[in-house]
Structure formats: structure tokens, C-alpha cells
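Please look at the model on the screen while I go through it.

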Amino acid sequence: MDRLALYTTWIGGSSIAGALVIVCFTLGYYSFWAIAGCVIAGAIIAYPSGKLISRMIKRWDPAWDSRRNAPKPDLKRRRD
């Protein structure tokens, strides 16, 4: 897993778990097991969504070669 997928997994996992916890609180579930279930579901859903978002970002980036999973070598890059 690359760094972009790792970062999107962490952000997505916390967002998904937070949204599920809010839904549980709205429905009146305040037990530990309901919150733990939301956190576990968020962690399970976050891994595939992080990889999917990372692949979409890389596919839409014109400076990234998605077949080689590396930057395109013919672009001139400057470091200022």
C-alpha cells in the first residue's frame, strides 16, 4: 500500500466511523457495543475505499503513470 492510500484510509476510516457513531447516537444507541461496532465497521470499510480513492487520484493525475505506478519520466519537474 502506498502512502497516498494509507493517508486516505486513515482519513476515510475516521470519517466513516464518525458518521456511523452519529447515526447510532441519533437512533438512541448509547452502549459501548454499538460504538465499538461502528468503529470496527468504519475500519473494515476504510481499507477498500482508501485504495479506491488512491487509484482514482493517480488515474486522473496527468503526471502519473498508473500502469507503472510511478511518475511519468518525460515531464520536466522543477524544485524551487
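L20 touches C38, A41 and G42, where a contact means heavy atoms within 4.5 Å and residues up to four places away in sequence are not counted. The model is a predicted one, in which local features need pLDDT of at least 70, side-chain atom pairs count only at pLDDT 80 or more, and totals for chains, interfaces and linings use all residues. Residues are numbered from 1 along each chain as its sequence is written, and side-chain values use heavy atoms, with hydrogens and water left out.

L20 itself is found in helix 1; helices here are DSSP runs of H or I with at least four residues, numbered from the N terminus. Is L20 buried, partly exposed or exposed? L20 counts as partly exposed because its relative accessibility is 29%, given that buried means under 20% relative accessible area, exposed over 50%, and partly exposed in between, with a 1.4 Å probe and protein chains only. Between L20 and M56, which are 36 residues apart along the chain, the C-alpha atoms are separated by 25 Å.

I turn to other positions in helix 1. I11 is also found in this helix, and I11 counts as exposed because its relative accessibility is 57%.

L6, together with Y7 and W10, forms a nonpolar patch on the surface, with about 390 Å² of accessible area together. Such a patch is made of residues with over 30% relative accessible area and no salt bridge, with nonpolar side chains (Val, Leu, Ile, Met, Phe, Trp, Tyr) joined within 5 Å; the areas come from the Shrake-Rupley method with a 1.4 Å probe.

Next, the charged pair. How many salt bridges are there by this rule? The count comes to 1, a salt bridge being a side-chain nitrogen of Lys or Arg within 4 Å of a carboxyl oxygen of Asp or Glu. The side chains that meet are those of K58 and D2, at 1.9 Å from N to O. This pair links distant parts of the chain, with K58 in helix 2 and D2 in the segment before helix 1, 56 residues apart. K58 counts as buried because its relative accessibility is 13%, whereas D2 is partly exposed at 25%.

S54 lies in helix 2, residues 32–60, and counts as buried because its relative accessibility is 3%. Leaving out residues up to four places away in sequence, S54 touches D2, L4, A5 and T8.

Lastly, the largest pocket holds about 180 Å³ of space. Among the 11 residues that line this pocket, D2, S54, R55, K58 and N69 are the closest to its centre. A pocket is an open set of points on a 1 Å grid over the protein atoms alone, where a 1.4 Å probe fits, with protein on both sides within 12 Å along at least five of seven lines; lining residues have an atom within 4 Å of a point. Helix 2 gives the most to the lining, with 5 residues.

Conventions. Helices (H or I, at least four residues) and strands (E, at least two) are DSSP runs, numbered from the N terminus. Patches are made of residues with over 30% relative accessible area and no salt bridge: like charges are joined within 9 Å, nonpolar side chains (Val, Leu, Ile, Met, Phe, Trp, Tyr) within 5 Å. Grid points are joined across faces, edges and corners, and a volume is the space filled by probe spheres set on the points.
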